[in-house]
Amino acid sequence: MSTATDVPLALLADDARREEADALARRAADLPARGWVEHRMAMPWSLRVRGRHAHDEDTAQVVARAYALVAEIDEQLSPFRPDSALERYRRGELALADAPRSLRQVHRRCLLAREETDGAFDAWGWRDGFDPTGLTKGWAVAQVLDVLAEVDGDVAVGAGGDVAVLSRTGLPWRVGVEDPEDRSRLLGHVDLRDGAVATSGTAARGEHVRVPGGGAATGLRQATVVASSVVRADVWATTALVLGAVRARGRLHALPGTSGLLVEPGGTVHRWATP
């Protein structure tokens, strides 16, 4: 069993600040809101809008464009579609310079991620050739949030453990973090106005993260990273699994502007926050 109780993931200094955060969360919950869920890229995509325009037709049209963008990204970057730009690039049938913007941007972000993580996150190191699957979802969530930003209200995007939010009212989105031992429970939550939370682990998909050049990553049960961008949060949540408990703690403690929690295989929970 995990050793943590249901307390805020973000580090709140005292009870007064926690009470203030809970009051803001209650005010946010009272706003008009609407949610949509569609299955894209082999997972549910949840879009939410909050505020007085949540039920407007114009808002629904923006949401429809956001889902159309997810479908387009899937067509271009899916490793399961033989005719996707990614698969044609992998087979040498498409030059990167001629590839769609999505593939060029994801390729560039994968290079940066490999450099930032000293090779622990390596899109070239776990399958035959280039496979950006570990970064594509986070990048796609960021693109969808950009589309939803056209809405005059608070917006949130969630897909496969990655959540990105934007708040114009100044009220927070409260994002829960599941307990991998019992996914009906929460290990904690984080209140975000503008930023992202990414969780990677074995509870939903088993040991699916691979160590570059090696086997399955088994040194952590789950890693949750809070950061200013969803791509950064996603990359470091995956990297933490690759590094394992001890090395992940060392790297994340030195990573500015992040917070989160790590769940070790025995259930021990480690939390951190850096300024």
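Student: How many salt bridges does a search of the whole structure find?

Tutor: The search finds 16 salt bridges. A salt bridge here is a side-chain nitrogen of Lys or Arg within 4 Å of a carboxyl oxygen of Asp or Glu. Bear in mind that this is a predicted model, where local features need pLDDT of at least 70, side-chain atom pairs count only at pLDDT 80 or more, and totals for chains, interfaces and linings use all residues. Residues are numbered from 1 along each chain as its sequence is written, and side-chain values use heavy atoms, with hydrogens and water left out.

Student: What makes E150 and R65 a salt bridge?

Tutor: Their side chains meet at 2.3 Å, N to O, and the cut-off is within 4 Å, so the pair counts. E150 sits in the loop between α5 and β4 (154-159), and R65 in helix α2 (residues 57-77), 85 residues apart. Helices (H or I, at least four residues) and strands (E, at least two) are DSSP runs, numbered from the N terminus.

Student: Why is E150 called exposed?

Tutor: Exposed means over 50% relative accessible area, buried under 20%, and partly exposed in between (1.4 Å probe, protein chains only). E150 has 51%, so E150 counts as exposed. R65, with 42%, is therefore partly exposed.

Student: Why is D74 called buried?

Tutor: D74 has a relative accessible area of 16%, so D74 is buried. D74 also forms a salt bridge with R81 (3.5 Å, N to O), and R81 is partly exposed because its value is 33%.
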